[in-house]
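Biologist: I'm new to this one, could you walk me through it?
Modeller: Gladly, let's bring it up and go through it piece by piece.

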Amino acid sequence: MMRDNPQELFPEVDENGNILGAVSRGHAHDGSKILHPVVHLHVFNSQGELYLQHRPAWKDIQPDKWDTAVGGHVDLGESVDQALKREVREELGITDFSPVAMGHYVFESQRERELVYVHRCVYDGPVRPSHDELAGGSFWSPAEITENLGKGVLTPNFENEYRKFFMNK
């Protein structure tokens, strides 16, 4: 079984993304609420369906829920763009995509605070979810997503982001 590496280093940032220092994954997720950057990519196909990843049961945050197609931490010394390309390649096996930046916001849960950089793309090529990082994934119609909001099927982070960036747009 895989586990997240608690010693992995992330940049500590302010709300504008300026780097203030470094923080370990373990400390970033232990309730310290040290702000650290993450990247999200929402992958739509040309029919308007949205790809969601199924989080594995072993994940330390939101295990066994459906989530944003790609989400990952920016590593220390890495740019947002580099992190996005790396995460999309690692999680979905996609290298030929054109991300559109949609903005960033601070997400806070009981355990952590993240500066989330949101991107979207339209992609109709093959999706090969990582067997090491994910429990699979599939495309969902807007109706299927709306039907499952608030039912504990989707991650709260995804639900908030979906409402903020894609509902009633």
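Modeller: One term before we start: a residue is called buried when its relative accessible area is under 20%. Please also keep in mind that this is a predicted model.

Biologist: Okay, how many residues of β3 are buried?
Modeller: Nine of the nine residues of β3 are buried, so this strand is largely enclosed by the rest of the structure.

Biologist: And which residues sit on which side of β3?
Modeller: In a regular strand, side chains alternate between the two faces of the sheet. For β3, one side carries His36, Val38, His40, His42 and Phe44, while the other carries Pro37, Val39, Leu41 and Val43, and both faces are covered.

Biologist: Which strand is joined to β3 by nine bridges?
Modeller: That is β8, residues 113-122, which runs parallel to β3, and within this pairing Val39 has Tyr117 as its bridge partner. β3 is also joined to β6, in this case by four bridges and in an antiparallel arrangement, with Val38 standing opposite His73 of β6.

Biologist: Switching topic, what's in the largest nonpolar core?
Modeller: It has 20 residues, and those with the most contacts inside it are Leu41, Val43, Val88, Leu92 and Phe97. β3, α2 and β8 each supply at least two residues of this core, and α2 gives the most, with four.

Biologist: What does Phe97 touch, leaving aside its neighbours within four places in sequence?
Modeller: With those neighbours set aside, Phe97 is in contact with Leu41, Leu84, Lys85, Val88 and Cys121.

Biologist: Last one, how many of the lining residues are nonpolar, polar or charged?
Modeller: The lining of the largest pocket divides into 16 charged residues, 13 polar ones and seven nonpolar ones.

Conventions:
Residues numbered from 1 in each chain as written. Predicted model: local features only at pLDDT ≥ 70, side-chain atom pairs only at ≥ 80, totals over all residues. Heavy atoms only, no water. Nonpolar A, V, L, I, M, F, W, Y, C, P; charged D, E, K, R; others polar. Buried < 20%, exposed > 50% of the residue type's maximum accessible area, 1.4 Å probe, protein only. Pairing = 2+ DSSP bridges. Core = buried A, V, L, I, M, F, W, Y, C linked by side-chain atoms within 4.5 Å. Contact = heavy atoms within 4.5 Å.
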